Amino acid sequence: MNSVILIAGARLQAVLLLVFSAYMLLRGHNAPGGGFIGGLIAATGFVVYAIACGTQDARKALRFDPGSIAGAGLGIALFAGVMAVFWGDAFFTGQWLFIGATEDSKGLPLSSVLIFDIGVYLVVLGAVLSITFSLEEAV
Amino acid sequence: MSWYLSLPLIIPFIAAITAFLLRHSALGRWVSIIGSGLGLLASLALMSVVLDAGVLAGQMGNWPAPFGITLVADLLSAVMVLITAITGFAVAIYALGDITERQEKLGYHALFQMLLAGVTGAFLTGDLFNLYVWFEVMLIASFGLLILNGGKEQIDGGVKYVALNLISTILFLTGIGLLYGMTGTLNFADLALKVEDVENQGLLTVVAMMFMVAFGVKAAVFPLFFWLPAAYHTPSFAVSAIFAGLLTKVGVYALIRMFTMVFDHDVSFTHTILLWVACFTMVIGVLGAAAQSDFRKILSFHIISQIGYMILGLALMTPLALVGAVFYLVHHIIVKANLFLIAGVAHKLTGSTEVYKIGGLYKSAPFLAILFLIPAFSLAGFPPLSGFWAKYIIVKATLDIQMWFVAFIALAVGLMTIYSMTKIWAEAFWKPHPDGIEPELKTLQNKTALLLPIAGLAIMTVIIGLNPEPFVQFAERTAAQLLDPSAYITAVLGDAS
């Protein structure tokens, strides 16, 4: 398909979807969202882009091989679990860091759970894209 | 302490990820070997800890049982993890000579390590739903391995394999749901305590049967075995060796775990069914093997018949029978994986696995012939190899409780096993090759990588056979733990319960 309107629209939409996916990823700990849904939304962005501009361009925009992204994501998720060893806890024990915590507020909480979620995000993104790209290319 | 439990799982995962990212370079295969080697060390460490402590339990993520995921290693889990690591290490080395570059690029090593992780996880988990998750990890990885770079035949086998395993999964999940509804828990230890209080014991038996069918498909017992001979002769030899050694045994392990710990409320009903299933599995498996002429198909049917012996050990539920079942499991994994590896070498030398079309191996490759004789005789139950002791214990257990007929079946099946092994021996090894080929081991590429694991596993078979005493003592301790899970329950739930 070679429609200028579609390509221009798809570019805009892909960016919006990627930003929204990052928002979904970050709000996931206490509200609906998280790595899985974030990864799906990000994948949608790239899929829209691939439909409009072709998978070759989409692969270029992704920069890395989707399979490798999924592999790296799995590694990051695993790392989030293994991190617990530095604190002497059991595998996958969540570790928390409260930046600027005072008596009344907890400040900015950062956790190994977020790292795990980023891993999931990448796994979903990579897996969905490697499936859709190969399907798209097979057609 | 809990890291002893998680390391045998973490190592194959790391190896899988690294091997996947390196799949386009030759380093991937070394990652796989090093990963398997480290996994072996980790499972040895776990074994030594469990031998001291009896049962080792760890709460992942520090969420206390029965709410979080517990990893537990009692003697049975520890020995299964260890034997998985040994087989995995052997097959990882063998893969150097068997797996093509194309398969490596498609991610063979990553899938292989993933499979090892799945199997290890299934042995270590102390939670029913987590067991389901590990089954899925295993299923996905094994499906990938089955169809990797395959043609029609591989896809045909793979689809049958997955279709039946999915049915088993559905039953398994339904059973999990019902069990959770009745007891409010899925932790093995907690279940063992709570099933006694379930009001509707009849429904509990129904759920038990669902689990029996679900795990029965995985273990390939009669009448749910037909996916196995349809699939196991199609993939690469390294893949079929690891499948033959480990996959069905996870089903057997799950059966043993559930039907000694949780579903022991109506032994006279459930275990009688298991007894019949075991007898039919033994007989049908060995008869099926007699009708085959493909090296790997013969061996595949023998897996089924051997599974029958293990289920028989579980069905009798006497201490001696469980000793036999545990001993059989360990012996069988080593022997079976080894026979498939040998089939691979025979294929490379003679160009086929159809025993009527090949031959001459005894004359041209006598070393391979000796290496074949050890596991083949062990499988058939010749003294003094490991299979003899395994069969001896099981048969003695049946005689002790005067089940003459069952003992007769077990012995007759052993005799017919010899028939199939003789067929392979006479056709593939003794008779001259019909095309006049005289294949020599010298001509093999990567000879060391192919023969080293075979020799190693054969030596283990001989060691177990000549010196069975420590292994039997170990199996006795394991059986005692299975029959009295109080140590397991205390280790998981603490003394408070």
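Where in chain B does Pro485(B) lie? Pro485(B) sits in the loop between α20 (469–483) and α21 (486–493) of chain B. The views below come from a predicted model, in which local features need pLDDT of at least 70, side-chain atom pairs count only at pLDDT 80 or more, and totals for chains, interfaces and linings use all residues. Residues are numbered from 1 along each chain as its sequence is written, chains are lettered from A and ligands numbered from 1 in the order in which they are written, and side-chain values use heavy atoms, with hydrogens and water left out.

**View 1. Chain B as a whole.** Chain B has 21 helices and two strands; helices (H or I, at least four residues) and strands (E, at least two) are DSSP runs, numbered from the N terminus. Its radius of gyration is 21 Å, close to the 23 Å that the globule rule gives for 497 residues, so chain B is as compact as a globular protein of that length. The radius is taken over C-alpha atoms, and the globule rule is 2.2 Å times the number of residues to the power 0.38. Along the principal axes, the C-alpha atoms of chain B fill a box of roughly 70 × 55 × 40 Å. Of the 497 residues, 65% count as buried, where buried means under 20% relative accessible area, exposed over 50%, and partly exposed in between (1.4 Å probe, protein chains only). Among contacts in chain B between residues at least 6 apart in sequence, 82% join residues at least 24 apart; a contact means heavy atoms within 4.5 Å.

**View 2. Surface and charge of chain B.** The accessible surface of chain B is about 17300 Å², and carbon and sulfur atoms account for 69% of it. Areas come from the Shrake-Rupley method with a 1.4 Å probe; for residues, only the protein chains shown count as cover. Chain B carries 23 positive and 26 negative side chains, with the centres of the two sets 14 Å apart. Lys and Arg count as positive and Asp and Glu as negative, while His and the chain ends are not counted; each charge is placed at NZ of Lys, CZ of Arg, CG of Asp or CD of Glu.

**View 3. Chain A as a whole.** Chain A has five helices and two strands, and from the N terminus its elements run α-α-α-α-β-β-α. Its C-alpha atoms fill a box of roughly 60 × 30 × 20 Å along the principal axes. Buried residues make up 37% of the 139 residues of chain A. Among contacts in chain A between residues at least 6 apart in sequence, 60% join residues at least 24 apart. Chain A exposes about 8000 Å², with 69% supplied by carbon and sulfur atoms. There are 6 positive and 8 negative side chains in chain A, and the centres of the two sets lie 10 Å apart.

View 4. Pro485(B) is buried, with a relative accessible area of 15%. Leu385(B) is 100 residues from Pro485(B) along the chain, and their C-alpha atoms are separated by 31 Å.

**View 5. Tyr161(B) in helix α7.** Tyr161(B) belongs to helix α7 (residues 152–183) of chain B and is buried at a relative accessible area of 4%. Apart from residues up to four places away in sequence, Tyr161(B) touches Leu139(B), Ser142(B), Phe143(B), Leu146(B), Trp227(B), Ala231(B) and Leu247(B). Ala230(B) is 69 residues from Tyr161(B) in sequence, yet 7.7 Å away in space, C-alpha to C-alpha.

**View 6. Asp190(B) in helix α8.** Asp190(B) is part of helix α8 (residues 188–194) of chain B. With 6% relative accessibility, Asp190(B) counts as buried. Neighbours within four places in sequence aside, Asp190(B) is in contact with Pro66(B), Thr185(B) and Leu493(B).

**View 7. Two cis peptide bonds in chain B.** The bond from Phe222(B) to Pro223(B) is cis, with omega near -5 degrees; Pro223(B) lies in the loop between α9 (201–219) and α10 (227–231). Another cis peptide bond joins Pro383(B) and Pro384(B), with omega about 0 degrees. Pro384(B) is in the loop between α16 (366–380) and α17 (386–400).

View 8. Asn62(B), not a glycine, has a positive phi of about 60 degrees. Asn62(B) occupies the loop between β1 (56–59) and β2 (70–73) and is partly exposed, at 46% relative accessible area. Met317(B) has phi near 60 degrees and lies in the loop between α13 (295–316) and α14 (319–350). Met317(B) is buried, with a relative accessible area of 16%.
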